[in-house]
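Hello,

Here is the structure for you to look at. My notes follow below it.

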Amino acid sequence: MKPSATLVLGLVIAGCVTADEESWPFIATPVAQLNEPWAMTFMPDGRLLVTEKPGRLLIVTRDGDISAPLPGVPDVDYGGQGGLGDVVLHPDFATNNLVYLSYAEAGDDNTRGAAIARGELILNDDGGGELISMEVIWRQQPKVSGRGHYGHRMAFDDDGYLFIASGERQKFDPAQDMQMNLGKIIRLFDDGSVPEDNPFADQGGVTAQIWSIGHRNPLGLAFDSAGQLWSQEMGPRHGDELNLVIRGENYGYPIVSNGNHYNGTEIPNHDTRPEFEAPKATWVPAISPAGLMIYHGDMFPDWKGNAFIGGLRSKVLVRVELDGDTAREVERYDMGARIREEEQGPDGAIWILEDEQRGSGGRLLKLTPKS
Ligand SMILES: [Ca+2]
Ligand SMILES: [Ca+2]
């Protein structure tokens, strides 16, 4: 897709991307100012759990009241793309209070890897709470050098299986290495144990955790109303992808990509190797996707079933029409800020988190219809 004429004009006049509020079909209300927010999820009581990358978990009300940081968050390795990552609730959170956090964890000899811990959230009367009985249920293996491409988004399906997007840690080949769980989509029971019906379960070890192969840096994971799993991933130089994640399939990275390596080395495009599963939508030039939400609310009735993807470098919110197993971008909104994450609120409003960079942005915004 080409950038909008307004965006191009804005670039020419201002020399930088600015929000184009008049063209938006929604009103964006700033609700709270956060500090490097990365993920959020709504609790049954209508409040939000929000992570901040340096290692803070907060409770935020829909009026913008922010709690003190919750004690009990694991130590995170903050730096580069790493830190505290995703937060999701157990499907039975209302009765078991279980919360899952993903984060970058330091290892020996300057290595790192994503980890997932779960624990019980105990709420208090002061608008805050604490996490207790935290236990690590999954780790990227092996830990490697560098601080990029953790992925570490999570989603539960309707049957209670936990899916994890695991990035290839900027090391390319692990995405095709069946002895590593990097560059894969992972499927586990809620306690981190491995289901026997996983596609490679009979191979044991970390291989048994693998649901699909050949991913780069998947930064969004969501189920549609038909129970299909979608994942977007940050491509190399261009070639961002929206994939329909199918059991046991290979998505081809780093053998194929519609983008190319940053050093200029060409990667053959998907259409040269049909044995690999091709993306359902792809972006050249890149949008730098972050977060993935599939809308099913009533406040924007025309958008039911659409996917929403935030753009980091592109500073847009992208609306994607999903129809069965097809996907196409139908609209993008110039937000004037890097967008990290999207969620649907209890009343059907769309909530987004800006991605703070160099001290600016990082707001929680609520989107409601204009008329
Ligand atoms: Ca979320
Ligand atoms: Ca290519």
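Pro30 is found in strand β1, residues 26-33. Strands here are DSSP runs of E with at least two residues, numbered from the N terminus. Is Pro30 buried or exposed? Pro30 counts as exposed because it has 11 C-beta neighbours inside 10 Å.

Leaving aside neighbours within four places in sequence, Pro30 is in contact with Arg363 and Leu365. Contact means C-beta atoms, placed from the backbone, within 7 Å. Pro30 and Trp351 are 321 residues apart in sequence, but their C-alpha atoms are 9.8 Å apart in space.

A note on the source: this is a predicted model, where local features need pLDDT of at least 70, side-chain atom pairs count only at pLDDT 80 or more, and totals for chains, interfaces and linings use all residues. Residues are numbered from 1 along each chain as its sequence is written, while chains are lettered from A and ligands numbered from 1 in the order in which they are written.

Now the domains. The assignment, automatic or from a database, gives domain 1 (1-31 + 292-371) and domain 2 (32-291). Their centres, taken over C-alpha atoms, are 21 Å apart. Across the boundary, 36 residues of domain 1 are in contact with 32 residues of domain 2. On the domain 1 side, β21 gives the most, with five residues.

Best wishes

Key
Contact = placed C-beta atoms within 7 Å. Helix = DSSP H or I, 4+ residues; strand = E, 2+ residues; numbered from the N terminus. Buried ≥ 20, exposed ≤ 12 C-beta atoms within 10 Å, placed from the backbone.
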